[in-house]
Amino acid sequence: MWSHVFAALLAISGTATAAPAPTVVPSVTGTWPHDPAAFTQGLVWHRGGFLESTGLYGQSSVRRVRLRDGRVLRIRRLPSRYFAEGLALAGGRAVQLTWREHTAFVRSSTTFRAVRRHTYRGEGWGLASMGPRLVMSDGTATLRILDPRTFRVVRRVRVTDAGTPVALLNELEIVRGEIWANVWQTDDIVIINPRNGRVRVRLDLRGLKARLPAGGQVDVLNGIAWDRGRQRVYVTGKLWPRMFAIPDRPG
Ligand SMILES: [Ca+2]
């Protein structure tokens with residue numbers, strides 16, 4: 001008990017003096033079309049293309065998308081009572097969260113047919129595979145590390161920058177062993193140390209909006225997918241007509 005208290009005090013004093021993570025503006029190394037009707041909630045690179053989860057009630061889907069022209073090659077729509085959220089691959093399956101329906105669908109990664117479901121507490125936002133585990137966000141500053149076979153919480157990671165919790169963590173991706181997270185309602189992606197939850201770098205992507213065609217109705221930056229082979233990270237946004245690539249070692 002007391003050791004926990006001392007550990008907590010040490011953690012507080014240690015993080016309170018930490019400097020904020022540096023901000024980096026990454027270079028944009030590529031641009032491709034993206035479905036402007038896709039309310040992107042989950043994005044993952046798989047077999048030379050994207051698997052994407054889109055949200056909103058009545059419009060939620062899981063889809064396979066081609067990089068070069070953004071064409072939707074396969075789509076499965078969800079019943080209108082589900083608002084789809086994060087998407088990740090685990091054990092060869094596509095796992096798709098829902099926002100307030102406490103349901104994760106485990107799907108074939110080719111047909112998207114649901115083969116299993118899990119339930120969880122709270123909201124579902126972002127999801128990514130991290131080694132044998134899944135990491136899940138729920139709108140708070142705390143990430144859950146899950147066993148993908150049971151959805152049992154293995155541990156939790158509280159995300160902080162200079163000791164201050166970073167809430168509203170949204171879409172997730174593991175890139176070179178670190179957690180990348182969109183921060184809802186911002187143009188930032190934070191790069192998080194998965195062991196202690198500290199933000200190492202903050203990516204400022206506000207310049208991407210200026211590259212979108214004028215006149216479209218776009219929502220926030222959301223969606224991160226790592227293409228390990230090309231050492232690229234693809235990023236997009238909800239209802240964004242463009243997909244962008246940035247280096248996977250931006251800073
Ligand atoms: Ca992702």
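The structure is a predicted model, in which local features need pLDDT of at least 70, side-chain atom pairs count only at pLDDT 80 or more, and totals for chains, interfaces and linings use all residues. Residues are numbered from 1 along each chain as its sequence is written, and side-chain values use heavy atoms, with hydrogens and water left out.

**The sheet**

Begin by selecting strands β2, β23, β22 and β21, which form an open sheet in that order with antiparallel pairing. Strands here are DSSP runs (E, at least two residues), numbered from the N terminus, and two of them pair if DSSP finds at least two bridges between them. Next, colour residues 30-33 and 221-227: these are the edge strands β2 and β21, each of which pairs on one side only. From one strand to the next, the twist averages 25°, taken between axes that are lines fitted to C-alpha atoms, with angles running from 0 to 180 degrees between N-to-C directions.

Now select β2 together with β23 (residues 242-247); 4 bridges join these antiparallel strands. Within this pair, centre the view on G30, which stands opposite A245 in β23.

**The salt bridges**

Side chains of opposite charge can pair when their charged atoms come close. The whole structure holds 12 salt bridges, each defined as a side-chain nitrogen of Lys or Arg within 4 Å of a carboxyl oxygen of Asp or Glu.

Turn next to R176 and D248, whose side chains form a salt bridge at 3.2 Å, N to O. This pair links distant parts of the chain, 72 residues apart: R176 lies in the loop between β17 (169-175) and β18 (178-183), and D248 in the segment after β23. R176 is partly exposed, with a relative accessible area of 34%, whereas D248 is buried at 6%.

Continue to R230 and D227, which are joined by a salt bridge of 2.9 Å, N to O. R230 is partly exposed at 47% relative accessibility, while D227 is buried at 4%.

Finally, select D161, D188 and R202, which are linked in a network of salt bridges.

Notes. Buried means under 20% relative accessible area, exposed over 50%, partly exposed in between (1.4 Å probe, protein chains only).
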